[in-house]
Every structure is written in structure tokens, then in C-alpha cells.
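Please look over the sequence and the model before turning to the points below.

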Amino acid sequence: MNFMKQILITIIISSFFNALLAEKAKVDSANWKQYIRGGLVQVSKDNGFSGYYRINRTSDYSFGDLRLYYYNLNNNSYLFIRFKNSSKYRRYERLYRFSTIAYQKNKKAGVALRYHFNQGLGYFLLPYKNSHIITELAHAYDMSDYLNDNRKTSYARGGIYWDYNTKYFSSKLEIEYFHQISEVVEDNLSRTQIMSEIIIPLKNNISASVVYETENYKQLNNNANSISLSIGWRGNLRWYL
């Protein structure tokens, strides 16, 4: 329960801070967008259906993003909720600070329940017209429930993120590495997470997407891989917050 309180407090403080920063910087009104998609998914040899919802708020100096993933498989289930909040430094617009809070339930990867938090700095390595490459460094920790044994594990986290957009398709590649820095109680939970996505626009803001995800632990054998094929829709929200 204490961790859930931290999640709520962090979201409220981050949202207030970004609104204040935007006011001081006299930026334009924020843009709100939402994304919905559903389709088929395969996790290892387990098949099922996938659902996804995303809403984000973007302004000149701040970015807020809430995502919800759900996989309903024949023999398993996967739930992931993530909120990320970031703010650019006004004097150094390629540098930003961020915080991320996530809730995960993934029996396939051996994680019955995981609360995750990380906070750090990001940098736009190669910003250009239709794409960008970003790198991030952060301190992260998990609160995990393994067979009713609650554990807190700390990590040093690094990531690199590539987005590329054209008129015909969009692509995304994310690579993150979590290196465990806290004491190893039973298993070393250092891991690499990779996500790649291709989106092909169809008509009237409707698109088809293929997503591949993998989570590979350094010393454990309960790695999880998934591939999904979905149809989605995106649209603007007329919010002015």
C-alpha cells in the first residue's frame, strides 16, 4: 500500500510541476492524443488476444504518457500499466529529466506481481525531422512478489530508443538493460528488454501494427518473448489542461 501511495503522489506532483513549468515558459497549449488497438498475440507457444490503450499529453517542454497493455492467453495472462512523465531543461532542450512508474503482472516471466519505479535523465542524441534517437540513464527498483515473498531490488538502468516516421510506415526500437546493484538474495535479476514495432497506416487514422517484445534475464531461464498483430486507431482529444 505504501508503494501505491508513492505512485499517486508522484503522478500528482509530476503533473503539477509540468503544468507550472509550461506556464512559466509560456508554451503553446498542450496536445492530447489517444491510441487504441486490439488483435492476436503469441507468447512462446501460448496464443490469445491482446489489447492496448494509450493517452499522452505533449507540449514544448513536457510530456506525459499513460499506457495499458493486456494479453489474454489460453494458459496465461499479462497485464502492464505504465505512466511516464518527462520535462525538458529550457536552457538545454536536448536534455530532459523523467520518472516512470509501472505495474506488471506476468506469470509467463515468473513475475506474479511487480511494481516498478525509475527516475533519471535522457538526452536526444540525434534529433531530426522525421525521427530521433534518445538515450536514458536512471536508477530503478522493483517491488516484486515471488510466492508471497516481497522483495525490493535496485538497478542501474540504461536505454536507447529509436523512432522513425515516413508517409508509408513508422518504426520503433527500444533496448533497455537493468543491472542489479542491490544484494542478490536468490537470483540475479539483471535483464535486457527489447521492443520493436512497425506501424502501417491504412485509412482514417486506422493502422496495422506488428510488435515483437522480449525480456531476457542474465541468469534465469524464464525468459518471455511475444509477437502481436493488431489493428489500431488514434485520435486527438480536445483537452486544454
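**Overview of the chain**

The chain has 241 residues, and 44% of them count as buried. The structure is a predicted model. One helix and 12 strands make up the elements of the chain, and the order from the N terminus is α-β-β-β-β-β-β-β-β-β-β-β-β.

**Contacts and surface**

**The cavity**

- Rolling a probe the size of a water molecule over the atoms shows where empty space is left.
- When the whole structure is searched, one cavity of 30 Å³ or more is found.
- The largest cavity holds about 70 Å³ of space.
- Its lining is formed by Arg37, Ser50, Gly51, Tyr52, Tyr69, Tyr71, Val211, Glu213, Ser228 and Ser230.
- Two or more residues of this lining come from each of strand S2 (46–58), strand S3 (62–73), strand S11 (206–217) and strand S12 (224–237).
- S2 gives the largest share of the lining, with three residues.
- Sorted by class, the lining of the largest cavity contains four nonpolar, four polar and two charged residues.

**Glu176**

- Glu176 belongs to strand S9, which covers residues 170–180.
- Is Glu176 buried or exposed? Glu176 counts as buried because its relative accessibility is 15%, and the limit for a buried residue is under 20%.
- A polar contact of 2.9 Å links the side chain of Glu176 to the side chain of Arg157.
- Apart from neighbours within four places in sequence, the residues in contact with Glu176 are Arg157, Gly158, Gly159, Tyr161, Arg191, Thr192 and Gln193.

**Phe80**

- Phe80 lies in strand S4, which covers residues 77–88.
- With a relative accessibility of 16%, Phe80 counts as buried, because buried means under 20%.
- Which residues does Phe80 touch, not counting residues up to four places away in sequence? Phe80 touches Arg67, Leu68, Tyr69, Ala102, Tyr103 and Gln104.
- Tyr69, one of these residues touched by Phe80, is also one of the residues that line the largest cavity.
- Between Phe80 and Tyr115 there is a separation of 35 residues in sequence, and their C-alpha atoms are 10.0 Å apart in space.

Definitions and conventions
Residues are numbered from 1 along each chain as its sequence is written. This is a predicted model: local features need pLDDT of at least 70, side-chain atom pairs count only at pLDDT 80 or more; totals for chains, interfaces and linings use all residues. Side-chain values use heavy atoms; hydrogens and water are left out. On a 1 Å grid over the protein atoms alone, a cavity is a set of points where a 1.4 Å probe fits but cannot get out, and a pocket is an open set with protein on both sides within 12 Å along at least five of seven lines; lining residues have an atom within 4 Å of a point. Grid points are joined across faces, edges and corners, and a volume is the space filled by probe spheres set on the points. Helices (H or I, at least four residues) and strands (E, at least two) are DSSP runs, numbered from the N terminus. Ala, Val, Leu, Ile, Met, Phe, Trp, Tyr, Cys and Pro count as nonpolar, Asp, Glu, Lys and Arg as charged, and the others, Gly among them, as polar. Buried means under 20% relative accessible area, exposed over 50%, partly exposed in between (1.4 Å probe, protein chains only). A polar contact is a pair of N or O atoms within 3.5 Å; within protein, one must be able to donate a hydrogen and the other to accept it, and residues adjacent in sequence count only if both atoms are side-chain atoms. Contact means heavy atoms within 4.5 Å.
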